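The following explanation leads the reader through selected features of a protein model.

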Amino acid sequence: YRIPEEEISVVYNGVDLERFNPRIPGEVIRDKYSLDGSLVILSVGSGIILKGIQLVFLALREVMRVVPDAKLMVVGIEPKHRKKMISITKKFQVENNVVLVGSVPNFEMPYYYSASDVVILPSLQENFPIVALEAMASGKPLVASKVGGIPEAVKNGENGILVEPGDVNQMAEALLFLLVNSSTRKNMGNTGRKIAEEKYDWKIVGEKHLAEFEKLL
């Protein structure tokens with residue numbers, strides 16, 4: 001928009017570090033959906049095309065060749081997409097490894113993050129996703145597309161792995177790497193939590209918002 005850089009201030013979205021944190025128990029969700037001891041990949045989003053969920057089903061098929069009991073839990077599905085998603089999972093022969101969850105109240109979301117091992121953001125188009133911040137605050141590593149504002153939150157090799165948007169092979173490789181390397185998962189999750197504490201805590205973000213408003217007075 002040809003606005004001089006010195007006139008632009010960037011204030012990111014924030015996350016509630018008390019509500020989303022690694023201490024939240026995830027057993028209630030694992031019990032509810034009979035996930036037992038499976039490694040769980042979590043995807044959060046209501047759409048299907050731009051959110052890239054269909055690509056995750058393809059990646060899951062590859063992941064299952066190495067980790068047969070890996071589960072993909074998709075949260076926030078709109079009713080209009082449910083039939084289509086079921087059809088796609090059957091077509092790719094992953095229906096027994098996919099848990100489709102409808103709309104979930106926001107106060108329950110911390111339990112879903114805690115029940116997961118890896119969070120995936122396969123978006124083909126994205127701004128600056130709250131999901132990334134919630135995953136980081138929950139101490140979970142991310143596999144995320146290199147689009148929009150995602151690379152500003154997800155640092156490749158630090159708190160997650162970035163992949164080219166739409167690249168199923170990269171997605172599958174990244175998921176497999178994290179699923180079979182528990183120590184790397186834990187380290188990336190811990191790093192994500194630290195980044196969230198240092199940069200995305202609503203208390204810090206709120207102060208930045210206030211400072212920007214005061215400049216306008």
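The side chains of Lys 80 and Glu 78 form a salt bridge, with N and O 3.5 Å apart; the term denotes a side-chain nitrogen of Lys or Arg within 4 Å of a carboxyl oxygen of Asp or Glu. The model is predicted, so local features need pLDDT of at least 70 and side-chain atom pairs count only at pLDDT 80 or more, whereas totals for chains, interfaces and linings use all residues. Residues are numbered from 1 along each chain as its sequence is written, and side-chain values use heavy atoms, with hydrogens and water left out.

Lys 80 counts as exposed because its relative accessibility is 65%, while Glu 78, at 28%, is partly exposed. In these terms, buried means under 20% relative accessible area, exposed means over 50%, and partly exposed lies in between (1.4 Å probe, protein chains only).

By the salt-bridge rule, the count comes to seven. Another of these pairs is Glu 62 with Arg 65, whose closest N and O atoms are 3.1 Å apart. Glu 62 is partly exposed at 28% relative accessibility, and Arg 65 is exposed at 62%.

Lys 51 and Glu 126 also form a salt bridge, their closest N and O atoms being 3.2 Å apart. This pair links distant parts of the chain, 75 residues apart: Lys 51 belongs to the loop between strand 1 (40-44) and helix 2, and Glu 126 to the loop between strand 4 (118-121) and helix 5 (130-137). Helices (H or I, at least four residues) and strands (E, at least two) are DSSP runs, numbered from the N terminus. With 27% relative accessibility Lys 51 is partly exposed, whereas Glu 126, with 15%, is buried.

How do helix 2 and helix 3 pack? Helix 2 (residues 53-63) and helix 3 (residues 79-91) meet at an angle of about 25 degrees, and their axes are 10 Å apart. Helix 2 is therefore roughly parallel to helix 3, a term for angles under 35 degrees. Axes are lines fitted to C-alpha atoms, for helices over the stretch in contact, and angles run from 0 to 180 degrees between N-to-C directions.

On the surface, Tyr 1, Ile 3, Ile 8 and Val 10 form a nonpolar patch, with about 530 Å² of accessible area together. Patches consist of residues with over 30% relative accessible area and no salt bridge, with like charges joined within 9 Å and nonpolar side chains (Val, Leu, Ile, Met, Phe, Trp, Tyr) within 5 Å. Accessible areas come from the Shrake-Rupley method with a 1.4 Å probe; for residues, only the protein chains shown count as cover. Ile 3 lies in the segment before helix 1 (27-32) and is partly exposed, at 48% relative accessibility.

Note on methods:
Angles under 35 degrees count as roughly parallel, over 145 as roughly antiparallel, 65 to 115 as roughly perpendicular and the rest as oblique.
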